[in-house]
Structures are given as C-alpha cells and as structure tokens.
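Please consult the structure as each answer is read.

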Amino acid sequence: MDVGQSSLSPPSDSGGINDYLDRKQRAPQIPWPGRGARRGDETVNSVLLSESNAEKTERLRGEFAILHALGLHLYPVGIDKLPIGKWVHGAVNYVRTQASLAKGNYWSASSAVTGWAVLCGNKDLKVFCLDVEAAGMAVPEIADVIKIFPEYCKRQSQNGGMHVYLRLTEGKPERTRTLAYRNGTLLVELRGVSTKETGNAGAYAVITGPGRGPLASDFRLLEISEDNVQTVLGRLASV
C-alpha cells in the first residue's frame, strides 16, 4: 500500500490521531477485540482475542519500546490492519519524524489500537520489508530464498505469509514494487519508499497485532548490503 492516509499525556498533534483516539475513548466502549473482530475467523490470533484491555496496553507498550529502540518509525493500526488516522498528511508526518515513547504509550492506551505498522517510506533509514503472501510461501523457489534469512528478522503474517524486515547498509533505498506474480496471484511484494519522485509516504508493513503472535525480545532488522539485496531480489523476481 503506497498511500499516506487511511504517553502519558498526548504530545501535540492537533487535528490528527490524538483527536481521533480521544473521540474513540469518549464513545461507548465495546469489549476488546471490539467491532470488526470475528471470533470464528482463523486469521485472528486466539491469544490476542483473550487479552484484557490492560493486557493489550501492556503488550503494545512493550512492542513499541522494542521497535522504537531499533530506530523504526511506527504507527498504530486497528483490528482491520489499517492505520488509524493520518500518518503522513496530519499535523505530524510520522514517516519523517519518529514517534516518541511517550506517544507510543499514549496510543497504546486506546481501545482502537491493536498493533503497530512499520513505516518504510523514510529514504534515509533505508528500511524495507519483503512481504511474502501465503501463496508465495507455497512456491518452493520462494520458500528457499526466505529460508536464507535469520529468524530474528522475520514475522509471520496473519494469512500464513511471511514478512522479512531488512535495512540497507549502503546505496539507494528500495522502492515499493511487486517482485513475483503468477497466474493473477500476488506472491511477493517489496514494501519500501514511494515510487513517486515527489512522494514521501511510501509503504507500511503491519508487524504486530492479531494473527502475528508475540514479538520476540530479540527481534531486529537484518543489515544487508546492496549486492546481497540485488541477488535476493533477482531470485524472487525470476520465479
């Protein structure tokens, strides 16, 4: 997706996500997981469904702290996996500005927030995600490539696919694009910076929340050279 729309006390964000979350908190509350969650849906993680609001807040704050320490730019998502509010075109551009720990704590307390998305559009960070669909993991040639990467940089997606989080050590940042597509089915996508020269949103990748399981305390990105990236991308694109 290549569009930019969708604490203890709320840092200044007038007209943006803080106002939205404050309205959600004042509205009649529906017990977690809330509207939109389907308890019979196998894609919704049973552990997360059993969380109380207090447990969810604690989990979200812990996840945010781990990911924030890695220098990642994060934004909250709802149970539908979509960003809540405006993450680029609001009062703060969170692609350019990393949200603080205080902001993460504030977001975590909202009943609307269920997980975090990594924003991949910052060209200076050179962070990107290989998003392998379940159909892609079923292709032996693709699965063999994904096995190359260490487990600490991988996150299973709720549909049975796999996310691999990488950071380039040099060269130009990777742009968002399809890497493998077969018989009308998307197999692998790269989520990175915007494909437009003037764009700044880039793509995002949901890293925690329903269907993804707990975030390991040793999760980190794999630092990878441009030569190695091009080798991997070439193998995926040749499928």
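Two strands pair if DSSP finds at least two bridges between them. The model discussed here is predicted.

Q: How many bridges join β1 to β2?
A: Pairing requires at least two bridges between the strands. The strands β1 and β2 run antiparallel, and Tyr75 stands opposite Ala117 in β2. The number of bridges that join β1 to β2 is 4.

Q: Which strands are the edge strands of the open sheet?
A: The sheet is made of 3 strands in the order β1-β2-β8, with antiparallel pairing. An edge strand here pairs on one side only. The edge strands are therefore β1 and β8.

Q: What is the geometry of the aromatic pair of Phe64 and Trp116?
A: The ring centres are 4.9 Å apart, and the angle between the planes is 65 degrees. Planes over 60 degrees apart count as edge-to-face, so the pair of Phe64 and Trp116 is edge-to-face.

Q: How many residues apart in sequence are the parts that the pair of Trp87 and Tyr204 ties together?
A: Trp87 and Tyr204 form an edge-to-face pair, 5.6 Å centre to centre, with 85 degrees between the planes. Trp87 lies in the loop between β1 (74-77) and α4 (101-108), whereas Tyr204 lies in strand β8 (residues 204-206), so the parts tied together are separated in sequence by 117 residues.

Q: Over the ring of which residue does the charged end of Arg220 sit?
A: A charge sits over a ring only if it is within 6 Å of the ring centre. The charged end of Arg220 is 3.6 Å from the centre of the ring in question, which belongs to Tyr152.

Note on methods:
Residues are numbered from 1 along each chain as its sequence is written. This is a predicted model: local features need pLDDT of at least 70, side-chain atom pairs count only at pLDDT 80 or more; totals for chains, interfaces and linings use all residues. Side-chain values use heavy atoms; hydrogens and water are left out. Rings of Phe, Tyr and Trp (its six-membered ring) pair if their centres lie within 6.5 Å; planes under 30 degrees apart count as stacked, over 60 as edge-to-face and the rest as tilted. Helices (H or I, at least four residues) and strands (E, at least two) are DSSP runs, numbered from the N terminus. A charge sits over a ring if NZ of Lys or CZ of Arg is within 6 Å of the ring centre and within 35 degrees of the ring normal.
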